[in-house]
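Hi,

Here is the structure we spoke about. Please look it over, then read the notes below it.

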Amino acid sequence: MRLIQFLDDQGQRRVGAVSPSGATVRVVEGFESTYALASVALARGLPLDGVAEGALGPRAPLPYADLLAGHRVLSPLDHPDAAHCLVSGTGLTHLGSAATRDAMHQKVAGDEAALSDSMRMFKWGLEGGKPAAGQVGAQPEWFYKGNGHIVAAPGTPLHSPGFALDGGEEPELVGLYVIGPDGTPFRLGFAIGNEFSDHVTERQNYLLLAHSKLRACSMGPELRSGPLPADLQGESRLWRGDELVWSKPFATGEANMCHTLANLEYHHFKYAAHRRPGDVHLHFFGTATLSFADGVRVQPGDRFEIDLPALGAPLSNTLAVQEASFAMGGVKVL
């Protein structure tokens with residue numbers, strides 16, 4: 001099922017189901033959020049799709065293109081209290097193109113002691129990221145991005161802080177989760193994601209990765225429920241006005257990763273603090289395709305477009321730069 005959150009003509013939040021053709025949206029009656037829909041599904045012990053299908057109303061379907069063009073589509077999952085939404089991710093998870101994959105294998109084939117920390121981590125993933133069912137595999141790189149306040153809706157600007165050295169796209173698959181009343185994580189589905197990071201800061205020193213990830217992000221427009229194809233093929237694009245500045249195919253899904261999704265999920269949710277009942281988790285699974293890696297430098301006003309057809313309509317956001325909101329000496333003594 002393809003679910004969205006959107007604003008109706010009165011500005012009220014609604015949940016909608018996108019038609020298989022992608023042309024129209026039917027309202028899921030009685031729900032103002034995907035979170036509320038999931039909460040009812042959990043309380044009844046029913047699948048998310050079943051509850052949504054049972055609430056599809058009789059009103060006429062809405063044109064999906066109009067909702068997208070009017071920037072009325074919201075992130076597909078959020079929490080009523082944004083502080084209870086954890087945004088995180090894993091890196092060094094994707095194999096990249098065939099040429100990149102071959103080069104990586106050649107690099108990691110030698111003496112492990114001679115490898116950089118990043119290459120060593122990648123090697124561990126290659127060797128142990130896809131364990132047998134029920135077994136625990138290698139730990140991935142993990143990072144924190146922020147809480148629900150950093151998530152930009154589809155079609156809206158991604159705000160890069162004034163102190164940032166860069167703000168570039170990262171086309172990714174995102175897992176969307178709600179923690180049940182007993183602390184069990186439930187995956188509602190997947191969405192297209194733009195993880196958006198400061199690659200210049202990260203390149204200075206890999207120990208600055210944590211700083212480079214504390215940036216805005218976006219995901220959606222749709223939540224795709226149900227099984228996910230192992231091989232997902234998409235394209236990432238950068239527009240400057242009407243000019244296509246850069247584009248490149250990208251691949252994701254387990255067939256293009258050195259970790260299983262189950263292994264990545266285990267290593268995220270094994271921490272008790274990540275299993276607080278009622279919380280929402282939005283988790284990025286990594287990428288191997290960046291315009292920054294091809295020497296492209298983005299500018300304010302540029303538009304990122306991430307197209308992954310298996311997950312619905314493309315995700316589009318523009319780049320904006322925030323004015324400085326904090327300065328040295330800004331901490332006061334109480």
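**Pockets**

The lining of the largest pocket holds 19 nonpolar, 13 polar and 11 charged residues. Here Ala, Val, Leu, Ile, Met, Phe, Trp, Tyr, Cys and Pro count as nonpolar, Asp, Glu, Lys and Arg as charged, and the others, Gly among them, as polar.

A word on the source. This is a predicted model, in which local features need pLDDT of at least 70, side-chain atom pairs count only at pLDDT 80 or more, and totals for chains, interfaces and linings use all residues. Residues are numbered from 1 along each chain as its sequence is written, and side-chain values use heavy atoms, with hydrogens and water left out.

The largest pocket has about 1200 Å³ of space. Its lining counts 43 residues, and L92, E202, T287, A288 and L290 lie nearest the centre. Helix α5 gives the most to this lining, with five residues. (A pocket is an open set of points on a 1 Å grid over the protein atoms alone, where a 1.4 Å probe fits, with protein on both sides within 12 Å along at least five of seven lines; lining residues have an atom within 4 Å of a point. Points are joined across faces, edges and corners, and the volume is the space filled by probe spheres set on them. Helices, H or I of at least four residues, and strands, E of at least two, are DSSP runs numbered from the N terminus.)

The second largest pocket has a volume of about 250 Å³. Of its 16 lining residues, I150, H159, R215, A216 and Q322 are the closest to its centre.

**Aromatic pairs**

The whole structure has three aromatic pairs. (Rings of Phe, Tyr and Trp, the last by its six-membered ring, pair if their centres lie within 6.5 Å; planes under 30 degrees apart are stacked, over 60 edge-to-face, the rest tilted.) Y177 and F269 have ring centres 5.1 Å apart and planes at 65 degrees, so this pair is edge-to-face. Y177 is in strand β10 and F269 in helix α8, so the pair ties together parts 92 residues apart in sequence. Both Y177 and F269 are buried, meaning under 20% relative accessible area with a 1.4 Å probe and protein chains only (exposed is over 50%, partly exposed in between).

F190 and F285 form a tilted pair, 6.4 Å centre to centre with 50 degrees between the planes. F190 and F285 are buried too.

**Helix α8**

Seven of the nine residues of α8 are buried. Among them are L261, H267 and F269.

Best wishes
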